[in-house]
Amino acid sequence: MTVEPSFMLYEERIREGDTVIVYVTYGQMVPTVVKRGQTLMMKYGALRHEFIIGKKWGQRLSATAGYVYILRPTSDLWTRSLPRRTQILYTADCAQILSLLDAKPGSVICESGTGSGSLSHAIALTVAPSGHLYTHDIDETRTSKVQEEFQTHGLSSVTTAVVRNVCTSGFHVENSADGVFLDVPAPWEAIPFAAKSISRVRGGRLVSFSPCLEQVQRACLAMASAGFVSIETIELVPEQKKIVTQHRQSLEEFEEIGDAYPKERKRNADGELVENTERVSTAIVYPYSQPTHTGYLTHATLLPVLE
């Protein structure tokens, strides 16, 4: 029996029709819709879908040439494994944007553009089950593809994908949004329409992503002209690190005995060479390759209209 799959349902075991994230290696995760009779081919050989159905989330499974893990889909895992159709916003970006939008269950959020749907999934899962995401893109192919993914992931009830140029035609809704996010080449053209889409009774938040400071400057002027207040810009540069243990050697020890490593030995107070047990923990960048991009987030508030 096939049931409707969803990113929001938390069953203990995997069902047919569920979207699973197959963790192969740190740099390779494969999103897969589980269907009987199909086989997933990857680095560690073949894995039949029949072996996935009924297993617990997070369980390690044996493929024909190695082991993989079957993970429950989240917005973070989807960002790391989704099919790339455009440059995407990564998890650190999405988390900061959601905070600046003050997004929460029940919020109505407008987004432009949709792109590959990385941020779209993060917003949809945040505003569910009583809120709604209206995502806009000028490319019909991208819009239809992300709408198909919403349906597959069980998010169609809280999302609407619209083919529209918000810089010329505005947003799908007016006077009802709690927040608007812009990722367009000329955000200053869309800002007046963003102000119209935000609820005049509740007010709301506006966040704009731009890769260049020139875009930020023009966007700030447009926000002020449209009535937004508390306009600020931040630069987000995420970097993952891990703690490692390293040997520590003073300059005096180096001058006396030279580089004692890797023997890990040093002289004690009596001048005898003994094992060097003095270690220190420090943070290093890891992994060494971390995909990200330079960009600026400009955010502002539109206050409610008092009657």
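Predicted model: local features only at pLDDT ≥ 70, side-chain atom pairs only at ≥ 80, totals over all residues.
User: Where is Leu119 found, and why does it count as buried?

Analyst: Helices here are DSSP runs of H or I with at least four residues, strands are E runs of at least two, and both are numbered from the N terminus. Leu119 belongs to helix 3. Buried means under 20% relative accessible area, exposed over 50%, and partly exposed in between, using a 1.4 Å probe and protein chains only. Leu119 counts as buried because its relative accessibility is 3%.

User: What is Gly117 in contact with, leaving aside neighbours within four places in sequence?

Analyst: Trp78, Arg85 and Val146. Gly117 sits in the loop between strand 7 and helix 3, and at 0% relative accessibility it's buried too.

User: Which residues does the UniProt "binding site" annotation cover?

Analyst: UniProt positions follow the numbering used here, with shortened feature names, and annotations may be inferred rather than shown by experiment. According to the unreviewed entry, "binding site" covers Ser116, Gly117, Ser118, Leu119, Asp137 and Asp183. These residues spread over 68 residues of sequence but cluster in space, with a largest C-alpha distance of 13.5 Å. Ser116, Gly117, Ser118, Leu119, Asp137 and Asp183 are also part of the lining of the second largest pocket.

User: How many residues line that second largest pocket, and which lie nearest its centre?

Analyst: On a 1 Å grid over the protein atoms alone, a pocket is an open set of points with protein on both sides within 12 Å along at least five of seven lines; a cavity is a set where a 1.4 Å probe fits but cannot get out, and lining residues have an atom within 4 Å of a point. Here 27 residues line the pocket, and Gly113, Thr114, Gly115, Asp137 and Asp183 lie nearest its centre. Strand 7 (108-112), helix 3 (118-127) and helix 5 (166-169) each give two or more residues to this lining, and helix 3 gives the most, with three.

User: What classes make up the lining of the second largest pocket?

Analyst: Ala, Val, Leu, Ile, Met, Phe, Trp, Tyr, Cys and Pro count as nonpolar, Asp, Glu, Lys and Arg as charged, and the others, Gly among them, as polar. The pocket lining has ten nonpolar, twelve polar and five charged residues.

User: Which residues are closest to the centre of the largest cavity?

Analyst: Ser6, Leu9, Arg15, Asp18 and Trp57, out of 14 lining residues. The cavity lining has five nonpolar, four polar and five charged residues.

User: Trp57 is a contact of Thr19 as well. What else is Thr19 in contact with?

Analyst: Leaving aside neighbours within four places in sequence, Thr19 also contacts Phe7, Thr32, Val33, Pro73, Thr152 and His153. Thr19 lies in strand 1 (residues 19-25) and counts as buried, at 6% relative accessibility.

User: How many helices and strands are there in the protein chain?

Analyst: Eight helices and 17 strands. Of the chain's 307 residues, 44% count as buried. Among contacts between residues at least 6 apart in sequence, 61% join residues at least 24 apart.

Note on methods
Residues numbered from 1 in each chain as written. Heavy atoms only, no water. Contact = heavy atoms within 4.5 Å.
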